[in-house]
Amino acid sequence: MPQLSHRVSRFTDSVIRRMTRISDAHGAINLSQGFPDFDPPKPLMDALAKVAYQGPHQYAVTYGAPNLCQALARKHGRAIGRQIDPDTQVVVTCGGTEAMMSAVMTVCDPGDKVVVFSPFYENYGADAILSGAEPIYVPLKPPAFDFDRQELEDAFRQHPKAMILCNPSNPTGKVFTREELTFIGELACRYDVFVITDEVYEHIVFDPYQHIPMAGLPGLFDRVITCSSLSKTYSITGWRLGYLIGPAQVMEGAKKVHDFLTVGAPAPLQEAACVGVNFGEDYYKELKALYTRKRDFFCDGLEKIGLDCNRPQGSYFVLVDISRFLALEQFKGWSDLAFCEWMIGHIGVAAVPGSSFFKEDVNHLIRLHFARSEETLAEALRRLEKLAALLKD
Ligand SMILES: Cc1ncc(COP(=O)(O)O)c(C=O)c1O
């Protein structure tokens, strides 16, 4: 048989999605891959039911159904205080995943460098490899996941083409401050670099933290490619809807990449999702309140049973420190992956090994998410109590 491409040998399948498959096989509570176990808002489901009979069922406009592009342009325009042209500055994609891939392919040639904070959402490694780009990693340092400004500037001095910025950050839960974003923006201007932002958790941000869209900072719109998604904001991860917004010249390139990657996002789902994108501010306030309750319930619960975890500023992920377990005789020399696999079988809760997010050699963190009903989170905490009890033996 002829050889497969060199590029596919350079990355593995997604560890996050692999943990879901193992979790399903064991009937565990899946707190690994981040998606809700509750319904999307009723108006979206009603719209979907209507679309089933009224259509559209054929290809949408490749770059996005006009009504969805208009709704996204209005929503993002409000967020960044600038008029967005729905025809030239918006591209609807198959999820934030395709938005990120299209953005990297649009601006990077093989051999180009891309600055990425570590830890990072695991797709970025594959995005870079598939487009031939080479990541330059800059650490976000625990526990606050701050970055060293000098280290970041050193990375920019290596002539990268782009920086990828996940804000709010998966897996750290960090929400970048205005000062941090301004500093990154200044570097991007000084070194003439694009910033590709992944803002899929833009509406899951906890008080007093605030999501600041990078494209809205003074003088940055022309070099920021905003990638976001409807997956998390409207609890529709299976609908596979995301988008890119940026300057028309860049979107022109992105439209070509998107066209030949997927032709377009699903037409009936774009039509139904439009209802959500047109929601007023109340919806986003309720979403924030919902996830604030879940975060507090879950993090309080983890702390109460004696597990060490961070409290995210945004997103729905928690990093739990497993150092004390790895020091026990039973787990001596284990990897975080082996620990997560053991947890699925013996505790009945699935997590993601932290090493899949870090460039550095980090083996002591696992990621759990709390996009679950309170009953499910309570049951997960009951099971995790069995795990915590090992520390008391
Ligand atoms: C940071 C981040 N970006 C992108 C995605 C993918 O989003 P989508 O479902 O829209 O492809 C996820 C999903 O977990 C994510 O956490």
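Guide: R372 lies over the face of F35, at 4.7 Å from the ring centre. A charge sits over a ring if NZ of Lys or CZ of Arg is within 6 Å of the ring centre and within 35 degrees of the ring normal. This is a predicted model, in which local features need pLDDT of at least 70, side-chain atom pairs count only at pLDDT 80 or more, and totals for chains, interfaces and linings use all residues. Residues are numbered from 1 along each chain as its sequence is written, and side-chain values use heavy atoms, with hydrogens and water left out.

Visitor: Which ring does the charged end of R295 sit over?
Guide: The ring of F206, with 4.5 Å to its centre.

Visitor: And how many aromatic pairs are there?
Guide: The count is 23 aromatic pairs. Rings of Phe, Tyr and Trp (its six-membered ring) pair if their centres lie within 6.5 Å. Ring pairs also link a cluster made of F38, Y201, Y291, Y316 and F317.

Visitor: Let us turn to the ligand. Which residues are closest?
Guide: G96, T97, D198, Y201 and S229 are the closest of the 13 residues that surround the ligand. A residue is near a molecule if one of its heavy atoms lies within 4 Å of it.

Visitor: What does the shell consist of by class?
Guide: The shell has 4 nonpolar, 6 polar and 3 charged residues; Gly counts as polar here. Helix α4 (residues 95–107) gives the most, with 3 residues. Helices (H or I, at least four residues) and strands (E, at least two) are DSSP runs, numbered from the N terminus.

Visitor: Which polar side chains lie by the ligand's oxygen atoms?
Guide: A polar side-chain atom of N170 is 2.8 Å from a ligand oxygen, and a side-chain N or O atom of S231 is also 2.8 Å from a ligand oxygen. The protein covers 93% of the 400 Å² of accessible area that the ligand has on its own, by the Shrake-Rupley method with a 1.4 Å probe.

Visitor: Where are the cis peptide bonds?
Guide: One runs from P142 to P143, with omega near 5°, and another joins N167 and P168, with omega about -10°. P143 lies in the loop between β4 (134–139) and α6 (149–156). F145 is found in the loop between β4 and α6, and has a positive phi of about 60° although it is not a glycine.

Visitor: Why mention that?
Guide: Most residues other than glycine have a negative phi, and most peptide bonds are trans.

Notes: Phe/Tyr/Trp six-rings, centres within 6.5 Å; stacked < 30°, edge-to-face > 60°. Polar contact = N/O pair within 3.5 Å; in protein donor to acceptor, adjacent residues only side chain to side chain.
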